[in-house]
Amino acid sequence: MEIRLFSAISTTFGGQDLLLQVAAPLDEIRRIARDQTLQVLGMVLPAILLVIIAAVFLGGILARPLRLITRRILGLSAGNFSRRVPTNVPTREIRELAGTLNRMTEELEVRFRSLASERDEMQALIDCMGEAVLALTEDARVLRANQAAIDLLNFPKPVGFAPVGTLVRQPGLRKLLEGAVVQSFSAEEVNLGDRNLLVSARSTEGGGAVVTFVDVTEIRRLETVRRDFVANASHELKTPLTAIRGFAETLIDDDLPDELRKQWLD
């Protein structure tokens, strides 16, 4: 049985109302629609395929320099300033980006070298100081220590931002250093083994503190020697001075015979 598709429309012709009807086989309509669909797909699919191929090709051209730029940026974050991004890429925007990154790398390298030089000079200056100097962060970690401090406090080298509480075993000194980042102090004397240390701390603007140590062991030893000398000299002079005082008091007496006065004076 043949299936037809009907369509009807009312119209007027020659002053009369007419009903116009059109009928066509449904299979024929479906064939025509299928043929047109295949024709459209035959034209669109190659175009889509070409677009995909072009996108993959262009994406590869753009992605390679972008991946390289990404690796160079990661290298910058790790402190590698020696490598540059190639600028011979076809895309103008990426070429400009690569040039900008190379200029930024050169500027960062110059500044980094300048900072490293200043740091080394500062460390050399601090190491030349006779006094022990210790720089602490705001959470009481060792930021920097000169050679005198490392030798005095028996620190490992490098210190590596270790908490000062894990490096200093003497309880009094450890408590003093941990409190230095909170409040400054001056001329606190502590004993470290057989040494006497005069410790002072000054807070810094960015948080933390700078602590200085002065070894006063020799001064304290000399003070002990002085006290012992004065005590011994006082003891040794006490007996003869007592006798001299007794003779002097006797010589004041006017009734003392001249012969006895001369004898005591001798």
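**Close-up views of a predicted protein chain**

**Figure 1. Overview of the chain.** From the N terminus on, the elements of the protein chain run β-β-α-α-β-β-α-α-α-β-β-β-α-α. This comes to seven helices and seven strands, where helices (H or I, at least four residues) and strands (E, at least two) are DSSP runs, numbered from the N terminus. The model is predicted: local features need pLDDT of at least 70, side-chain atom pairs count only at pLDDT 80 or more, and totals for chains, interfaces and linings use all residues. Residues are numbered from 1 along each chain as its sequence is written, and side-chain values use heavy atoms, with hydrogens and water left out. Of the 266 residues of the protein chain, 22% count as buried. Buried means under 20% relative accessible area, exposed over 50%, and partly exposed in between (1.4 Å probe, protein chains only). The accessible surface of the protein chain comes to about 19,700 Å², and carbon and sulfur atoms account for 59% of that surface. Accessible areas come from the Shrake-Rupley method with a 1.4 Å probe; for residues, only the protein chains shown count as cover. Among contacts between residues at least 6 apart in sequence, 30% join residues at least 24 apart; a contact means heavy atoms within 4.5 Å.

**Figure 2. Helix H5 and its surroundings.** Helix H5 spans residues 171–180, and its residues Leu173, Leu176, Leu177 and Ala180 are buried. Seen down the axis of H5, these buried residues fall within an arc of 95 degrees, so they line one face of the helix. The arc is that of the directions from the helix axis to the C-beta atoms. An α-helix has 3.6 residues a turn, so residues three or four places apart point the same way. The cover over the buried residues of H5 includes strand S3 (132–136), helix H3 (147–153) and helix H4 (164–167). Strand S5 (185–192), strand S6 (195–203) and strand S7 (209–215) are also among the elements that cover them. On the face of H5 turned away from its buried side are the exposed residues Pro171 and Lys175. At the start of H5, a side-chain oxygen of Gln170 reaches to within 2.9 Å of the backbone nitrogen of Gly172.

Figure 3. The structure holds six salt bridges, a salt bridge being a side-chain nitrogen of Lys or Arg within 4 Å of a carboxyl oxygen of Asp or Glu. One of them joins Arg113 to Glu109, with the closest N and O atoms 2.7 Å apart. Both residues lie in helix H2 (residues 92–127), four residues apart, about one turn of the helix. Arg113 counts as exposed at 57% relative accessibility, whereas Glu109 is buried, with a relative accessible area of 16%.

Figure 4. The side chains of Arg220 and Glu189 meet in a salt bridge, 2.8 Å from N to O. Arg220 lies in helix H6 (residues 217–251) and Glu189 in strand S5, so the pair ties together parts that are 31 residues apart in sequence. Arg220 also meets Glu223 in a salt bridge, at 3.4 Å from N to O. Arg220 and Glu223 both lie in helix H6, three residues apart, about one turn of the helix. Arg220 is partly exposed at 25% relative accessibility. Glu189 is partly exposed at 36%, and Glu223 is partly exposed at 28%.

**Figure 5. Two residues with positive phi.** Ala140 is not a glycine, although its phi is positive at about 65 degrees. Ala140 sits in the loop between S3 and strand S4 (142–145) and is buried, with a relative accessible area of 12%. Ala187 is another residue other than glycine with a positive phi, near 55 degrees. Ala187 is found in strand S5 and is partly exposed, with a relative accessible area of 47%.

**Figure 6. A nonpolar patch on the surface.** Leu38, Val40, Leu41, Met43, Val44, Leu45, Ile48 and Ile52 form a nonpolar patch on the surface, with about 740 Å² of accessible area together. Patches are made of residues with over 30% relative accessible area and no salt bridge: like charges are joined within 9 Å, nonpolar side chains (Val, Leu, Ile, Met, Phe, Trp, Tyr) within 5 Å. Leu38, one of the patch residues, lies in helix H1 (residues 26–77). Leu38 is exposed, with a relative accessible area of 54%.

Definitions and conventions: A polar contact is a pair of N or O atoms within 3.5 Å; within protein, one must be able to donate a hydrogen and the other to accept it, and residues adjacent in sequence count only if both atoms are side-chain atoms.
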